[in-house]
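Please walk through this structure with me, pocket by pocket and contact by contact. The sequence and the model come first, and the explanation follows.

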Amino acid sequence: MSKGQEAPQNIAFGLLLATFGAIAFSGKAIIVKLAYRYGVDAVTLIMYRMLFALPIFALMAWWASRGKPPLTRRDWWGVLGLGFSGYYLASFLDFAGLAYISASLERLILYLNPTLVLILGRLLYQRHITRYQALGMAISYLGVLLVFGHEIGLAGSHAALGAALVFGSAISYAVYLSFSGELVKRLGSLRLVGLATLVACVLCIAQFVLLRPMSAALVAPEVIWLSVVNATLCTAAPVLMVMMAIERIGASLAAQTGMVGPMSTIAMGALLLGEPFTGWVAAGTLLVIAGIFVFMRGR
């Protein structure tokens, strides 16, 4: 096969990886909502997710560390801080918020993450915000407010609490992205993700041991299987797929392909959870996706 034929095929494979990765990431909210039907709480559920994900991320960290120099004390402090913010706190707040809001609204709030990174960059590093970026942010936040206003009318104050928790999750992950650049350059993205997620796994398991009696680990078999799916297909697999996609098509195109995420969450929410798909949800989703598209064009 010639190089001219290999390039389009490589791009097509990268687009497929990015698409499936975005859909798999989106499935996490659906799995969590299904597990909540069996009476489990966020502390126990995230413990099981991280327990099953721990061997995968340990293998990832080991593989990416082969032949590399050991981490310095400064590196370890960075890994600990990023693991706490980006994978432990962000994940726990997200799981807690999903107990109160729909999977569709959760995905739309998390999709605002690039705008939060920009806001943090403005506050921390005085980075400039272009007119296109400001316009994109205004459109996307209007879309979230549209869906939130509709949901709070149905669920009341619980929706406000859930949205606040998920928004806190998005902020926590934006902090991770804002401060991870230097460590990514030194350690590499795969090694950093493996080590940071290992930190999060240990913290989530320790949180359960400290806050819950061991009898709380006795959950319905469905919760165990859903947690296995969450740890593998909705956590580890999409991380690898998106990284492989970025290698083939670049971060910008991979991020744009990720726009299928909110739509797939809404579709799965309607089919698997029976969440209503109303005109308000459709309009809000279109506004969020359009806003993020305008935002990314202005970068």
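**A pocket, its lining and the contacts around it**

Helix 6 provides the largest share of the lining of the second largest pocket, namely 5 residues. Helices here, like strands, are DSSP runs numbered from the N terminus, a helix being H or I over at least four residues and a strand being E over at least two. The model is a predicted one, in which local features need pLDDT of at least 70 and side-chain atom pairs count only at pLDDT 80 or more, while totals for chains, interfaces and linings use all residues. Residues are numbered from 1 along each chain as its sequence is written, and side-chain values use heavy atoms, with hydrogens and water left out.

The second largest pocket has a volume of about 250 Å³. Of the 16 residues that line the second largest pocket, those closest to its centre are S102, E151, L154, E275 and P276. Two or more lining residues come from each of helix 4 (103-110), helix 6 (131-155) and helix 12 (260-273). Sorted by class, the lining is made up of 10 nonpolar, 3 polar and 3 charged residues, where Ala, Val, Leu, Ile, Met, Phe, Trp, Tyr, Cys and Pro count as nonpolar, Asp, Glu, Lys and Arg as charged, and the others, Gly among them, as polar. A pocket, in the sense used here, is found on a 1 Å grid over the protein atoms alone, as an open set of points where a 1.4 Å probe fits, with protein on both sides within 12 Å along at least five of seven lines, and a lining residue has an atom within 4 Å of a point. Grid points are joined across faces, edges and corners, and the volume is the space filled by probe spheres set on the points.

Helix 12 also holds M263, which is partly exposed with a relative accessible area of 45%. In these terms, buried means under 20% relative accessible area, exposed over 50%, and partly exposed in between, with a 1.4 Å probe and protein chains only. M263 and A196 are 67 residues apart in sequence, and their C-alpha atoms are 29 Å apart in space.

The charged contacts can be taken next. The structure holds 6 salt bridges, each being a side-chain nitrogen of Lys or Arg within 4 Å of a carboxyl oxygen of Asp or Glu. In one of them E106 pairs with K28, the closest N and O atoms being 2.8 Å apart. This pair links distant parts of the chain, since E106 lies in helix 4 and K28 in helix 1, 78 residues apart. E106 counts as buried because its relative accessibility is 0%, and K28 is likewise buried, with a relative accessible area of 8%.

Another salt bridge joins R74 to E182, with the closest N and O atoms 2.7 Å apart. It links distant parts of the chain, with R74 in helix 3 (residues 73-97) and E182 in helix 8 (residues 181-187), 108 residues apart. R74 is exposed, with a relative accessible area of 57%, whereas E182 at 43% relative accessibility counts as partly exposed. R186 in turn forms a salt bridge with D75, the closest N and O atoms being 2.4 Å apart, and here R186 in helix 8 and D75 in helix 3 are 111 residues apart. R186 is partly exposed at 39%, while D75 is buried at 6% relative accessibility. Through salt bridges that share partners, R74, D75, E182 and R186 are joined into one network.

On the surface, F13, L16, F20, I23, L240 and M244 form a nonpolar patch with about 510 Å² of accessible area together. Helix 1 (3-36) and helix 10 (221-249) are the elements that give two or more residues to the nonpolar patch, and helix 1 has the largest share, 4 residues. Patches consist of residues with over 30% relative accessible area and no salt bridge, like charges being joined within 9 Å and nonpolar side chains (Val, Leu, Ile, Met, Phe, Trp, Tyr) within 5 Å; the accessible areas come from the Shrake-Rupley method with a 1.4 Å probe, and for residues only the protein chains shown count as cover. L16 lies in helix 1 and counts as partly exposed at 46% relative accessibility. F13 also lies in helix 1, and F13 is partly exposed at 39%. F13 and A245 are 232 residues apart in sequence but 7.7 Å apart in space, C-alpha to C-alpha.
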